[in-house]
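Please look over the sequence and structure before reading the points below.

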Amino acid sequence: MNTMNINPQPPVEKLRSLAGVISHSLDVDPGSSRPLKMETRDLGLFYGAFQAVGNIDMRIRANQVTAIIGPSGCGKSTVLRCLNRMNDLVPNARVSGQVLLDGSNLYAPGVDVVNVRRQIGMVFQRPNPFPKSIYENVAYGPRLYGINRRAILDEIVENSLRHAALWDEVKDKLNHHAYALSGGQQQRLCIARALAVEPEVILMDEPASALDPIATYRIEELIRQLREDVTIVIVTHNMQQAARVSDETAFFMVNDRRMGYLVEFGPTTQIFTNPKNKQTEDYISGRFG
Amino acid sequence: MKYLPPMPNQTSPLRRLWNHGDRLWNGSLMFLAAAVLALMIAIGALLWVQSAGAREAFGWSFLQPTASPRWNPVADRYQAWPFIYGTLVTSLFAILIAVPVSLGIAVFLSELCPAWLRLPLSWMVELLAAIPSVIYGLWGIFAFLPAVVLPVGQFLGQTLGQIPGLRLLFSGAIPQSGASRLAAALILAIMIVPTITAVTRDVFLAIPSQQREASLALGATRWETIWKVLLPYGLSGILGAVILGLGRALGETMAVTMVIGNSAQGTLSLLLPGYTMSSIIANEFAEAVSALHQQSLVEIGLALFVLTLLLNMAARFLVWQVARKGPQQEARV
Amino acid sequence: MTGRTLSNATNITGVSPDDPPTLPRRLAYIHPRQSHPRRAVNALMLGLTGLMTLLALAPLVWIIVYVVARGLPHVNLAFFTQLPRPLGMEGGGVLHAIQGTIVLALLSSLFATPPGVLAAFYVARYPNTPLGIAVRFGTDVLSGVPSIVIGLFGYSLIVKQQGHYSAVAGGLALAILMLPTIIRTTEEMIKLVPANLREASLALGGPEWKTALSVILPAAANGVATGFLLAIARASGETAPLLFTALGNERYDIGAIVRGGIAAQQSLGTILGRILNQPVDSLPLTLWKYAQQPYPERVDKAWAAALVLMVLILLLNGFARLWMQHRASKMRG
């Protein structure tokens, strides 16, 4: 409950200032008719008998950034991990409903989960590069697909590092150990690593929460530039970040049975300036959470 | 209202000791701890002293490889190379077999096994280590050698024994009883699997799950994740586990003595009977008459002690290394 | 590609205008089908690890079944209650070995437990002092010393000085074997006792030694006891350390010694001395000797001894582990 307001702004003023941020940041008309890339239909997740999230209907459009916000514990990361079937790794987790990529259900029987994860990549909260060189971290994915010729790998590594805005900083030390990089650089390395397998979607689970403000800013710039190549879904607990970075936003809450659900979903400008749901407005204006 | 009786005047020295014996207590603790340390030093020292005669008589040539070994209690001339060779070749061959098996089991137990099966299977693997060495020897002589070692030895002689590079190792015919260095190596392999497996499994469990997740999220299969990410990550720990297993194999006595045939010839082949450092001590020490004979055997014991000491230290260091690894992110900005 | 153009002055992301606008797609031509060989390799290797586990457990099952099959027919009352008959004659038992095993177990527990527990107290209390680090190192090293080397140590230290083999020497050798296990387990159990328990006792005015013995030790007792059981189980199965210390004694009969002593009106000390100061046998030692004798009755006895020994050790191990499990689940609540 946020009762600490040094300079209390009336809610309307706060929304307007956020809108100012948004209109300077975005250069894409949100909510335009971009094709649908991913969709969840009545998605739910159970741990045994306990339902952690339920009734999630989201539409994720191609070449856009979709943000998922909400108070902690409302299932944001859980839903994100359903999108690339990472929850398969949890022993007693059970998924209900559907997750569609380009119209096909990822949870249909017989779907090759390895392929799913190639098409839908993931960047984690804490950077987790492999204990290998920078080059080998990025080349890990392509090598899995049998690409071993040095020339091609060099090209893929350079392209991925360029598009992760890391190339200029590491091009002379590709053989250095990944752990020698700073936190922000390691996270960009993880993004480059994910880009190297040419996914169509990248999921990001609070990618900047372990980083300092400058590194955070660079990651946010990167996310907006990556839009042209991939579709991005980002979970963040930082509302301002969602406002700066995303085209559409999903707001989650948790009900009194501790189940996470989707409260409102729409273009970011609309969510932050004119939310349809009172709960959304309360959260955005800082009345709680 | 006071319920406790007034504290008696603490003048009696016995009472003072009873209530404040801390210095005595801490002193005793320190003494015993030092005694444990002293024990380790004492073992090395005593072995050194008791082998003095042999060391002076034969010098370093006692332990060196030689084409004409001589172990002759009658003539009182001793040279230990056949036993050193026997120990090394049986232990290394045992490691060769045990390491892939142990890695496989550790991978299975830590990555693939359903949770409810993990503990019972781990126990069963540890039971292999609990069975006494003599029982391994007994079972070896009567069951394992005729049923497994003999056919395997014959097979190896016919196949690997024909390859030029390996002919030395697999020449000759394995005796009908199966008693051979091969038998010792195979039984040693069974005995050290639990050691290597237990440490390796702990190494795998200590690897942060984010490494697994990062690899799987890139679309790697489980096996690719294990082989390309987890094994390299835990390599120093696994190496430590292997060295621990090697140390155990070097020191194993009873089972080896019962199945190795106890022959001090200078042959090299795995298929023929041989001797190891520990089994020669076991067989001859109690009946050693001359002082030089005894001292030579003690010197062999000293060599064994130093060898296992060094291996143990290397292993502990390597296992400790894995725990220290990690992406040090907070240090740099 | 230095990227030092005007636009880069404000562009801090590192993406320069010369970079290709979109990500070229190189892997797009890979048909999803190409993951099939990878899936096959994945399934194959993971199946192989399961196979390795079965491969390692097969000898365990084989040994247990074989020992039971060969030993059970020869386990009878006479086996437990009679001394051996002369070579070549039927009947008799291994009473001497059973008594010897019990005597040795008692002696080694006596020798190992107090110093081990107290040294563990020191190490748990002062883990980072030079002595603490040295003792932990020494314990690790000691646990890797081959048991036959410990036997040599026991011989040089006691048997040679006393001029005869004895149960005391054997007990000491086994105690050295048990020491690392006891120290390590006790240390870990002590560290698990919550710090505030110790502080509460000290704050009430209790001296360190009373705190240790009446507060910490009982709290850690369960774990210490299971560690002790495991150590005893290991020591009971050892043969090599006894070869030159306890040696073996087919005529050992405590009952006869006591009766004879009472009849001759000897003092308790003398009788005790006679029990402890002569060579003794143990189950593994007897097994070792009988297995290699050419008399079928002796070999049968060896199998029976193997069965009894195996059952004893499996029971001790199983009981200790179940106890640990029960405690662990109780702590999880």
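Helices and strands here are DSSP runs, a helix having at least four residues and a strand at least two, and they are numbered from the N terminus. By that numbering, A:Ala165 sits in the loop that runs between helix H5 (150–163) and helix H6 (167–170) of chain A. The model is predicted.

**Positive phi in chain A**

- The phi angle of A:Ala165 is near 55°, a positive value in a residue that is not glycine.
- A:Ala165 has 4% relative accessibility and therefore counts as buried, the cut-off being under 20%.
- A:Glu206 is not a glycine either, and its phi is positive at about 45°.
- The loop that holds A:Glu206 lies between strand E7 (201–205) and helix H8 (213–226) of chain A.
- With a relative accessibility of 12%, A:Glu206 also counts as buried.

**Interface of chain B and chain C**

- On the chain B side 81 residues are in contact with chain C, and on the chain C side 77 residues are in contact with chain B.
- The two chains bury about 7100 Å² between them, and 80% of this area is on carbon and sulfur atoms.
- Within chain B, the residues that lose the most area to chain C are B:Trp25, B:Trp139 and B:Trp223, which together make up 9% of what that side buries.
- Two salt bridges are found across this interface.
- C:Arg38 and B:Glu224 form a salt bridge in which the closest N and O atoms are 2.8 Å apart.
- Helix H2 (residues 22–50) of chain B supplies 17 residues, the largest share of the side of chain B that touches chain C.
- That side of chain B divides by class into 59 nonpolar, 17 polar and five charged residues.

**Aromatic pairs**

- Over all chains, a search of the whole structure gives 23 aromatic pairs.
- B:Trp71 and B:Phe83 make an edge-to-face pair, with 4.8 Å from centre to centre and 90° between the planes.
- This pair links distant parts of the chain, since B:Trp71 is in strand E1 (residues 71–72) of chain B and B:Phe83 is in helix H4 (residues 81–112) of chain B, 12 residues apart.
- B:Trp71 is buried, with a relative accessible area of 15%, and B:Phe83 is buried with 0%.
- The rings of B:Phe144 and C:Trp62 have centres 6.1 Å apart and planes at 65°, so this pair is edge-to-face, the class for planes over 60 degrees apart.
- B:Phe144 belongs to helix H6 (residues 133–158) of chain B and C:Trp62 to helix H1 (residues 35–71) of chain C, so the pair joins two chains.
- B:Phe144 is buried at a relative accessible area of 7%, whereas C:Trp62 counts as partly exposed at 29% relative accessibility.
- Ring pairs connect B:Phe58, B:Phe62, B:Trp71, B:Tyr78, B:Phe83 and B:Tyr275 into a cluster.

Note on methods:
Residues numbered from 1 in each chain as written. Chains lettered and ligands numbered in written order. Predicted model: local features only at pLDDT ≥ 70, side-chain atom pairs only at ≥ 80, totals over all residues. Heavy atoms only, no water. Contact = heavy atoms within 4.5 Å. Buried area = accessible area lost by both parts, 1.4 Å probe. Salt bridge = Lys/Arg side-chain N within 4 Å of Asp/Glu carboxyl O. Nonpolar A, V, L, I, M, F, W, Y, C, P; charged D, E, K, R; others polar. Buried < 20%, exposed > 50% of the residue type's maximum accessible area, 1.4 Å probe, protein only. Phe/Tyr/Trp six-rings, centres within 6.5 Å; stacked < 30°, edge-to-face > 60°.
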